[in-house]
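My entries follow the order in which I checked them.

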Amino acid sequence: MAVDGREKVLLGFAALGVYWGAWGAALPAVQRRSGASDAELGFALLLVGVGALLSMRGTGVLMDRFGPMLTPITVGALAISGVFPGLATSPLQLSLALAVVGAASGAVDVAINADAVREEIASGRPLMNLAHASFSAAVFVGSLATGALRWAGAGAPAVFLLAALVIGLAAVAARPGGRAGWTPPPAHERPRLFQRVPGWVLVLGCLGALAFWIESAWQNWGAVFLERTLDATAAVSALGPALFAASMAAGRLAGNRLLARWSERRLLVAGSVIAGAGTSVAAAAPTSATALAGIVFAGAGCSVLAPTILGLAGGAAARSERATVIGSTTTLMYLGFLVGPAVVGVLADVADLRISLGAVGALGLLLAVLFLVVPLPRR
């Protein structure tokens with residue numbers, strides 16, 4: 001059955017979440033099949049971000065030229081390319097596969113966020129936080145489903161083939177949306193791949209990079225912190241990223257409702273304070289239970305930052321360059337995903353992981369101050 005409007009947006013976010021939920025749970029099997037060492041796997045994972053960075057702005061430019069019809073194409077590309085990492089039998093194959101997956105994932109990210117902003121403006125109702133909640137919930141479900149498949153004996157190829165089937169069905173369901181309600185801008189207004197990026201986009205992108213820095217710190221280091229610093233069991237340490245993702249989904253649902261009454265600035269400040277305070281509590285926690293509580297609060301605070309920033313960016317952009325602006329903003333924000341975990345690791349090596357994550361908590365509080373004083377664009 002064809003879907004349009006809000007349903008199409010939520011479906012696109014869920015498709016992206018299903019893939020990355022499956023990826024996180026299948027990663028040990030992928031590493032074993034490819035024979036990659038920890039260092040080789042780390043390099044391959046870096047290429048996911050590099051591929052995404054290379055595709056994002058270009059996807060935005062194409063979205064402004066061809067409109068929503070591009071979204072199901074990008075989702076279909078993710079379904080096809082997403083199979084390759086599960087088939088890799090060498091570190092080189094895995095690296096090449098993840099670079100392609102990163103480019104496809106980055107393209108989907110820009111396309112679905114552009115669709116979400118367009119639908120928000122057309123309907124006059126908040127959608128971005130709800131859409132990102134759909135992504136977080138799908139990550140959670142995808143992780144659980146993949147865990148069940150692996151428990152039943154399925155290998156990496158079977159997991160990613162099933163994920164590709166689900167994502168491919170989502171692409172087909174979204175396809176009939178086409179150009180409905182969209183007309184291309186005049187030729188003289190169409191953005192170009194290489195042109196000056198407005199200063200306010202650079203500011204929003206840098207603020208978003210700091211928000212992603214906090215988010216990626218717990219996604220990548222939460223389980224390690226629980227297991228190595230607090231001597232948690234493997235089962236308890238696995239609760240760190242799981243509870244963080246669940247908290248992100250719940251926080252985004254709440255954030256979508258709050259935007260009906262709050263300004264974007266108020267939500268961003270509140271989210272940053274909660275993220276910083278939760279991170280600080282977790283970093284200083286004497287027990288795993290206290291740390292998990294802090295991680296839950298950190299996830300709730302982080303949850304509203306990225307979608308609200310992207311909603312601001314898309315809402316403030318001219319219609320003819322809305323997707324391009326989202327692509328530029330997302331590209332800058334992804335730098336936080338790339339740099340953040342590495343800096344946490346370096347500081348942990350110099351001092352210890354508590355101090356390193358405590359610095360991330362201070363970064364959250366600094367971000368709250370910045371959201372208070374930095375001029376934000378008007379829709």
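I started with S328, which sits in helix α13. Helices here are DSSP runs of H or I with at least four residues, numbered from the N terminus. I read S328 as buried, at a relative accessible area of 7%. Buried means under 20% relative accessible area, exposed over 50%, and partly exposed in between, with a 1.4 Å probe and protein chains only. The S328 side chain makes a polar contact of 2.4 Å with the side chain of R57. A polar contact is a pair of N or O atoms within 3.5 Å; within protein, one must be able to donate a hydrogen and the other to accept it, and residues adjacent in sequence count only if both atoms are side-chain atoms.

A note on the source: this is a predicted model, where local features need pLDDT of at least 70 and side-chain atom pairs count only at pLDDT 80 or more, while totals for chains, interfaces and linings use all residues. Residues are numbered from 1 along each chain as its sequence is written, and side-chain values use heavy atoms, with hydrogens and water left out.

Next I took T330, in helix α13 (residues 322-350). T330 is buried, with a relative accessible area of 2%. Where does its side chain reach? I found the backbone oxygen of I326 at 2.6 Å from the T330 side chain. Setting aside neighbours within four places in sequence, I listed M56, D109, V110 and L310 as contacts of T330. Contact means heavy atoms within 4.5 Å.

Then I looked at the packing of helix α2 (residues 38-66) against helix α5 (residues 91-123). Their angle is about 35°, and their axes lie 6 Å apart. Axes are lines fitted to C-alpha atoms, for helices over the stretch in contact, and angles run from 0 to 180 degrees between N-to-C directions. The residues of this contact split into 18 nonpolar, seven polar and four charged. Ala, Val, Leu, Ile, Met, Phe, Trp, Tyr, Cys and Pro count as nonpolar, Asp, Glu, Lys and Arg as charged, and the others, Gly among them, as polar.

I checked A104, a residue of helix α5. A104 is buried at 9% relative accessibility. Its C-alpha lies 7.6 Å from that of S55, 49 residues away along the chain. Beyond four places in sequence, A104 contacts A77, L78 and S81.

G208 is in helix α8. At 0% relative accessibility, G208 is buried. I noted G336 at 7.7 Å, C-alpha to C-alpha, though 128 residues separate G208 and G336 in sequence. Outside four places in sequence, G208 contacts I309 and M333.

Is D231 buried or exposed? D231 is exposed, at 67% relative accessibility. I located D231 in the loop between α8 (199-229) and α9 (234-258). Its phi is positive, about 55°, although D231 is not a glycine.

A235, in helix α9, is exposed as well, with a relative accessible area of 59%.

Last, I went to the largest nonpolar core, which has 97 residues. Such a core is a set of buried Ala, Val, Leu, Ile, Met, Phe, Trp, Tyr and Cys residues joined through side-chain atoms within 4.5 Å. Helix α1 (residues 5-34) supplies the largest share, 12 residues. L367 is among the core residues with the most contacts inside it. Not counting residues up to four places away in sequence, L367 touches L207, L210, A211, I214, S272 and L305.

Technical notes
Helices (H or I, at least four residues) and strands (E, at least two) are DSSP runs, numbered from the N terminus.
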